[in-house]
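Open the structure in your viewer and keep the selection tool at hand. The tour goes from one selection to the next.

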Amino acid sequence: MKILDTEIEFDFFDADQVEKFEAEAKKVKEKSQNKEILNLSLSEALREECKMINEFFDNVFGNGTSEKIFKGKMNLQEHITAFADIVDEKIRQQKDLQDTLDKYSPNRVMRRTQND
């Protein structure tokens, strides 16, 4: 999948990878709700939000991933777009998996073979 202009390898059907993704996404949510950010200047707050997302990408996809994606920039709009893209991709792939599971669930397959 591509995040901004960077190709990222990730398997949303691998339980271990998804577990790491979910844990890190939860950390971003919790950190972004931290009230201390409200007391920072705008530039400091922007930088802190970008750091949170950088840590997410590095922890989920490997060290250096955030540098590849953002090239050292601390642009919050780009960071949020990248984070939203990966969350949207997770949701899309989970829907595809659920559709496949619904189509080929053991109960449905058994009913189909009994009707033949």
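A nonpolar core is a set of buried Ala, Val, Leu, Ile, Met, Phe, Trp, Tyr and Cys residues joined through side-chain atoms within 4.5 Å; buried means under 20% relative accessible area, exposed over 50%, partly exposed in between (1.4 Å probe, protein chains only). This is a predicted model, in which local features need pLDDT of at least 70 and side-chain atom pairs count only at pLDDT 80 or more, while totals for chains, interfaces and linings use all residues. Residues are numbered from 1 along each chain as its sequence is written, and side-chain values use heavy atoms, without hydrogens and water.

Select Ile3, Phe21, Phe56, Phe57, Phe61 and Ile86: these have the most contacts inside the largest nonpolar core, which has 18 residues. Helix H2 gives this core its largest share, five residues. Helices here are DSSP runs (H or I, at least four residues), numbered from the N terminus.

Next, select Phe57. At 0% relative accessibility, Phe57 counts as buried. Contact means heavy atoms within 4.5 Å; among the residues that Phe57 touches, not counting those up to four places away in sequence, are Ile3, Ile69 and Ala82.

Now show the rings. Rings of Phe, Tyr and Trp (its six-membered ring) pair if their centres lie within 6.5 Å; planes under 30 degrees apart count as stacked, over 60 as edge-to-face and the rest as tilted. The whole structure has 10 aromatic pairs. Phe21 and Phe56 are edge-to-face, 5.4 Å centre to centre with 80 degrees between the planes. Phe21 lies in helix H1 and Phe56 in helix H2, so this pair ties together parts 35 residues apart in sequence.

Technical notes: Helix = DSSP H or I, 4+ residues; strand = E, 2+ residues; numbered from the N terminus.
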